[in-house]
Amino acid sequence: MTEFLFFFEVVLAGMLAGTMYSLVALGFVLIYKASSTFNFAQGAMVFFAVLAFVGLMELGLPFGVAFVATALLMVAVGYCTERLVLEPLMNQSHDTMLMATIGLGFVLEGLAQAVWGVEVRRLDLGIGDFPIPWLVDNLGLFVSALDVTAGVVAAALIGTLALLFKYTKMGLGLRAVADDPGAAASIGIPLKNIMLAVWSAAGIVALVAGMLWGARAGVQFALVDLALKALPVLIIGGFSSIPGAIVGGLIIGVTEKTLEVYIGPYFGGGIEGWAPYVLAIFFLLYRPEGLFGEKIIRRV
Amino acid sequence: MIMQRTLRGAMVASTIAAALALPEPVVAQETQYFPIASSRVGPYSAMGTGYYGAQIDYLNYVNMNGGVNGVMLTWQECETEYNAVKTVECYQRLLQSDGQKIVVFDTLGTPGAYAVINRMRDDQVVLAQYGYGRTDAADGTVWPWVFNAAGHYWSQIAVKMRFMAEQEGGVENMRGKKIVHMHIDSAYGREPLPAMRGIAEAWGVEVVEIAVPPPGLEQQSQWLQVRRERPDWVTFWGAGSGMNSTGMTNAARIGFPRDRLIYVTFGAAEEDMYPAGDSAVGTYAMANALPGRDYPLVKAIQEQVYGAGQGNLADESRIGSVYWNRGLGAAVMWVEALRNAQEMHGKVGQPVTGAEFRDGYEALNMTEARLQEIGIGGMVAPFQMSCEEHGGAGKFAVMQWNGDKFVRVGDWQEPLDPDYIRQLITESAAKYAAENNLTPRTCP
């Protein structure tokens, strides 16, 4: 294997990993767009959604039915969150909302394990995680069908959501709510409906992300920690930007893989856990709004 | 005189009558209290539910059969979530109950063990590290209250390397080979390295260390390094089924043969293999307690405890799984140590103190005959403890995953050079003693 081909493979692996991070980050962006709150419960929502999906399949539901049922369940979670958590805390500070999402995360983690049990489940999507023979034979690249699927799904989801929020009434309303909830409500924008729609969308994104991660690593509690992978993605891409989620994901993926392979051995390895945060700190220092985030200008 | 006799007779009669009228004196049931510092939720829940589930099942089984010489076993559970801070909290909470102190503590994890290890001496509690934890605790002169029975990590890596050598046709064929040690980036992941580096140097083997940051769900860059290094073997030292299953799927993605991949005991459970599906087939894994339901004790627990609806596992099919059998092995040692302690200190039918329990633990002599008698012959390797030797058998068995279950490969094996491992332990323990101004005790 030539060194250049190896480097290309490292970069490609980073991009593929980055799309997986983007899927998780996307859920955060949706909530942030609507409420300017970092939803600490997003990792728990990923776990909750995919565990429910696998649990329903174990009860005998076919794949499609289980998917729809879980999507509806996530809408119900969104509804309950809106009614029981967000509405009573409306007009409270962002810190209060942040703490509420931390609490929500613990509730979802506990509830999921109480209902479906704690055993690790296998999720077979029928998509192989083995190298595609043609790519191995002709290009010497070890890329699996699951990698390709994750990339396509992430791109499709992000494209759909970007269009939805740019060209629909709901998207416009969402932007208004994000800018100033009070003003948006005063001109008749249905705040509650928008919040419900956003939390439901974030729940469905969590389900898709959980399915792809679960297919690779098993459906298990460790999926909750994916939230930690999404944080630097959001800082770099911008908390409120849907395209930023994918660009940030790609940057983080490529950076962490190249640093791990080429610099990691000098530090005893394992640097990809913290290296993305170093990059994120640089962004916070020099471009705190991220690459695609809105620059906040305040009057002094 | 007659008067006196009549009076005495009347007194005796009245005493007898009074005695007959009283309710029967209540004889308090003697009990021995055990802590269950379980981890039933969180990323290591599969491990915790199986391991601690088996311990509770065995304690129940012992009670159903009259206790230990009539002493009934009681326990309290506390959830640690495999978190070192919460382990300390649980230790404090479980330390005493109804005026009785614990005599043993089992964290089922190196981080938790390190968090409480220095309290054992003061509290006079045995830290029973069943195949995990601080390795040099095998030196009982420096660590009188800590045991790592059922083998420690230095023995385990030595047995792994012995297995590799056997597969290669002998130690002489290992010269020039390359082994990747892929491990979680923690003290646990690095624990085997002193022994591994020493053996590798002696054999002329190159060791490449590759760390995976926790929780280990992303390993692409590490496996790309494996692809570039082209090692002959990979030893995988993971934690949690997420990291462990991801290791195998990534090995499959780069086409690394699974029959060149050997997992540590904490990656060697069915729950680690299932999520990886076909990618797991052929992977080797180490065992300090073999899985299976055919052992008489396992069958008896299933019949008696689960038959009575008192089983601890929610999913009965996990009886006989790797973690359940490992927990059973650990609990059997507790009970055997308690039995020894009662006999050694003339307290048959009575609870024992931590110091007495420690003596009982050091007197453990689990011969093949005794293991057969208990009903776990073949499930664990025979071993003997002593005042100096707190490391147990140091033997491990290699298993291979066939897509459905583990198949045992070969017999229980010890390191090729156990004296070298013991020397490492003695040196490390002596260094610890010197650094902490401890005077090693003198064993008889």
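How are helix 13 of chain B and helix 14 of chain B oriented to each other? I worked on a predicted model, in which local features need pLDDT of at least 70 and side-chain atom pairs count only at pLDDT 80 or more, while totals for chains, interfaces and linings use all residues. Residues are numbered from 1 along each chain as its sequence is written, and chains are lettered from A in the order in which they are written.

**Helix packing.** I found helix 13 (residues 322-344) and helix 14 (residues 354-362) of chain B packed at an angle of about 110 degrees with their axes 7 Å apart; axes are lines fitted to C-alpha atoms, for helices over the stretch in contact, and angles run from 0 to 180 degrees between N-to-C directions. The two helices of chain B are therefore roughly perpendicular to each other (a term for angles of 65 to 115 degrees). Among the residues making the contact are Ala337(B) and Met344(B) of helix 13 and Phe357(B) and Tyr361(B) of helix 14, where contact requires C-beta atoms, placed from the backbone, within 7 Å.

**Chain contact.** I noted that 38 residues of chain B are in contact with 34 residues of chain A, and that helix 10 of chain B gives the most to the side of chain B that touches chain A, with seven residues.

**Hairpin.** I saw strand 15 (residues 396-401) and strand 16 (residues 406-413) of chain B pair in the antiparallel sense over five bridges (pairing needs at least two bridges found by DSSP). The two strands of chain B form a hairpin with four residues between them, and Gly403(B) in the turn has a positive phi of about 100 degrees.

Key. Angles under 35 degrees count as roughly parallel, over 145 as roughly antiparallel, 65 to 115 as roughly perpendicular and the rest as oblique. Two residues are in contact if their C-beta atoms, placed from the backbone, lie within 7 Å.
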